[in-house]
Amino acid sequence: REVDLVLVDWRLVGSIWKNLRKSAIPWAIIDRGPPANEGILAEIQNFQWKRSWGIASRYSIGGFVVSLEHEKLVRQFVSNEMKIFPVPAGTNIEDFNFLQKNPKDVVKFVYSGRLDENRGMREMLGLLGTMDRLPIKANLVIAGSGNWEGEIKSMASKDERLHFLGEIGFNEVCRMLEEAHVGIMPMPETRIWRTASPLKLAEYLASGLITIGPKHQGNSLLGERKWDLLSKSENWNQECMGLISDLIESKSWREVSEQSRSDSSVLDWGNIANDFIDYVRTMMSQSL
């Protein structure tokens, strides 16, 4: 046969699994995230998603998700024996220049990504109301597009601390993060974000940034990290600003920033690819 393993997106499982069975080619399901829509469309997609995992549980040699929380969600619909491995979103960390981060006169907050309501835009903009608590000046730079673009552009025209860049290219994102100190992870603790593996976390860490936002698994790495200043508080923007203030006054920003860059290695595409190859080998060996 021409291939040893077929990787099938969960949306296609229902259409091709019978043909794969007939051909006797091993296959594995890939799930980069459960359905994110709302209303009747979400109900239809959820049915298809659960059905795809159910089929995969019976006939595939395993599956891939993006996080441990994602795996926990999927486990509700598959057998305990099914092999499932997490393959997070990552980046090439060498694309991001790491400059020594140590804010002196101003601390620069940054967000790069979609500007949609369900990503916590309202709470993120609330940071502007708490910046005066810091011992030095601060500003907020936002890049991206989405249904909150107009609101952010309007606020930027009235508040000189807010800079809106719109949608920018990858090289511009790299330069923006190179000059920043704090990366914002505003996504709330809902199913879609709790189980996610957001690309922006990899980019923030590769740039040596401190991260703030709501505390949940989708916004962070496992374990205690000094650069992780996420908050469980309902008013996370207020508590995070207090933690940033404490870090500034501790004089240890450079050390924490260096740990951020070091920890980004787990989200480097090279390391993720090596893990993925090992997972595939494990699946194939156990299916024989």
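Modeller: We start with a definition. Helices (H or I, at least four residues) and strands (E, at least two) are DSSP runs, numbered from the N terminus. One example is H9, which is followed by Lys251, and the phi of Lys251 is positive, near 65°.

Biologist: What kind of model is this, and what must pLDDT be for local features?

Modeller: This is a predicted model: local features need pLDDT of at least 70, side-chain atom pairs count only at pLDDT 80 or more, and totals for chains, interfaces and linings use all residues. Residues are numbered from 1 along each chain as its sequence is written, and side-chain values use heavy atoms, with hydrogens and water left out.

Biologist: How many helices and strands does the chain have?

Modeller: The chain has 11 helices and nine strands.

Biologist: What makes the chain as compact as a globular protein of that length?

Modeller: Compare two values. The radius of gyration is taken over C-alpha atoms, and the globule rule is 2.2 Å times the number of residues to the power 0.38. For 288 residues the rule gives 19 Å, and the chain has 21 Å, which is close, so the chain is as compact as a globular protein of that length. Its C-alpha atoms fill a box of roughly 65 × 40 × 35 Å along the principal axes.

Biologist: Why is Thr211 called buried?

Modeller: Buried means under 20% relative accessible area, exposed over 50%, and partly exposed in between (1.4 Å probe, protein chains only). Thr211 has a relative accessible area of 0%, so it is buried. Thr211 sits in strand E9. Contact means heavy atoms within 4.5 Å. Leaving out residues up to four places away in sequence, Thr211 touches several residues, including Gly183, Leu201, Tyr204 and Trp227.

Biologist: What share of the 288 residues is buried?

Modeller: Buried residues make up 51% of them.

Biologist: Why is Trp53 called buried?

Modeller: Its relative accessible area is 0%, so Trp53 is buried. Trp53 belongs to helix H2. Residues up to four places away aside, Trp53 touches Ile29, Phe64, Val74 and Met82, among others.

Biologist: Gly90 is in a loop. What makes Gly90 count as buried?

Modeller: Gly90 has 3% relative accessibility, so the label is buried. Its loop runs between strand E4 (84-86) and E5. Beyond its neighbours within four places in sequence, Gly90 is in contact with Leu199, Ala202, Leu267, Trp269 and Ile272.

Biologist: Why does Asp9 count as partly exposed?

Modeller: Asp9 has 26% relative accessibility, so it counts as partly exposed. Asp9 is in strand E1 (residues 6-9). Its C-alpha atom is 30 Å from that of Gly223, 214 residues apart along the chain.

Biologist: Why is Ala24 called exposed?

Modeller: Ala24 has a relative accessible area of 52%, so it is exposed. Ala24 is in the loop between helix H1 (13-23) and strand E2 (27-30). Its phi is positive, about 65°, although Ala24 is not a glycine.

Biologist: And what makes Lys251 exposed?

Modeller: The relative accessible area of Lys251 is 74%, so Lys251 is exposed. Lys251 is in the loop between H9 and H10.

Biologist: How do you know that the span of helix H9 agrees with what it should be?

Modeller: The expected span of a helix is 1.5 Å times one less than its number of residues. H9 (residues 236-250) has 15 residues and should span 21 Å; its end C-alpha atoms are 21 Å apart, so the two agree.

Biologist: Which residues of H9 are buried, and what covers them?

Modeller: Among the buried ones are Trp236, Cys240, Ile244 and Leu247. The cover includes strand E5 (106-112), helix H4 (121-125), strand E8 (182-184), strand E9 (210-212) and helix H10 (253-263).
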